[in-house]
Amino acid sequence: MLVTRKAEFSASHCCRAAALSDNENWALFGEESHPSGHGHNFIVEVSVAGEPDPVTGMIIDLKELKEILEREVVEPMDHRFLNHEVEPFGRVIPTTANIALEIWRRLEKQFRPAQCHLARVRLFETPDLYVDVTPPAHA
Amino acid sequence: MISVTRRYHFSASHRLHSPHLSDAENALLYGKCNNPFGHGHDYVLELTITGEMNRDTGLLAPVATLDHFVGDKILRLFAYRNINVDVPEFACLVPTTENVARVIGELVCRHWTESFGDLEVRPWKIQIQETDRNGFELLLPVLSVENPSAQRNESVMVHA
């Protein structure tokens, strides 16, 4: 069984590869490549898999899941310029795919394996573009 | 595993009417959707791709390339069109959303390599909302509309 919790963070980013020309960056990233950056209201939906505990009836206490998302994702990323303020985006281009992978890395160790495990990270950059990361979580 | 989903919108009209049924049977089966003058929807189409992310760019495929592909191969055919009249695939095919999903899936698969052959990505799923209460998902590839048994999944999932 899956339980999904949603969180939102607003952040700016800029998608450009330093080794490429302006024209090459435009071809790859379009408007996302403007050097001074721009922002989104990112929405992340985190799904955790497990069986309901026979005593509590819960896979995971939603308060605990909320706290994990706040601590690992929202607090470090909300109202930040990802390229300048959030690791590893000083050296990794903060595309939607890379941000989703980074959220996966930050969250996967947060759950007790006997209880539940991370099953999916879905990151919306806009309502019309989202990335899913599921196991095995490598690119 | 990583996938990218892009959502598109198109408005189109259609009429559900099977030549294999009588007028009375069509009216009974399709109800309002059998109205002889047709009717329309604001469809929402999602295309999901999966594959290898380019580690240098952090992309599976440039979004603009995906948008151009869907715009040229799909939306250009369907947007602001009467599906029964204007889309050749429906000359002899009832434009239920199941069949619209199949035709779009087949078009995506037929043209994929010419646009994305140099990238290690493949189309994985399409989802169509006819209205926000009716959704249809189809796993790709769809090999042939004429030979539905060749598809990876023969049934279209419908959820309310």
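## Nonpolar core

The largest nonpolar core has 67 residues, and those with the most contacts inside it are A:Ala97, A:Ala100, A:Ile103, A:Val121, A:Leu123 and B:Ile126. Helix α4 (residues 96–108) of chain A gives the most to this core, with 7 residues. A nonpolar core is a set of buried Ala, Val, Leu, Ile, Met, Phe, Trp, Tyr and Cys residues joined through C-beta atoms within 7 Å. A:Ala100 touches A:Val121, A:Leu123, A:Val131 and A:Val133, leaving aside residues up to four places away in sequence; contact requires C-beta atoms, placed from the backbone, within 7 Å.

## Basis

This is a predicted model: local features need pLDDT of at least 70, side-chain atom pairs count only at pLDDT 80 or more, and totals for chains, interfaces and linings use all residues. Residues are numbered from 1 along each chain as its sequence is written, while chains are lettered from A and ligands numbered from 1 in the order in which they are written.

## Strands of chain A

Helices (H or I, at least four residues) and strands (E, at least two) are DSSP runs, numbered from the N terminus; two strands pair if DSSP finds at least two bridges between them. Strand β1 (residues 2–13) runs antiparallel to β2(A), joined by 12 bridges. A:Ser10 has A:Asn41 in β2(A) as its bridge partner.

β1(A) also runs parallel to strand β3 (residues 80–81) of chain A, with 2 bridges. Here A:Ala11 is partnered by A:Arg80 in β3(A).

## A:Ser36

A:Ser36 sits in the loop between α1 (22–29) and β2 (38–50) of chain A. A:Ser12 is 24 residues from A:Ser36 in sequence and 9.5 Å away in space, C-alpha to C-alpha.

Technical notes: A residue is buried if 20 or more other C-beta atoms lie within 10 Å of its own, exposed if 12 or fewer, and partly exposed in between; C-beta atoms are placed from the backbone. Two residues are in contact if their C-beta atoms, placed from the backbone, lie within 7 Å.
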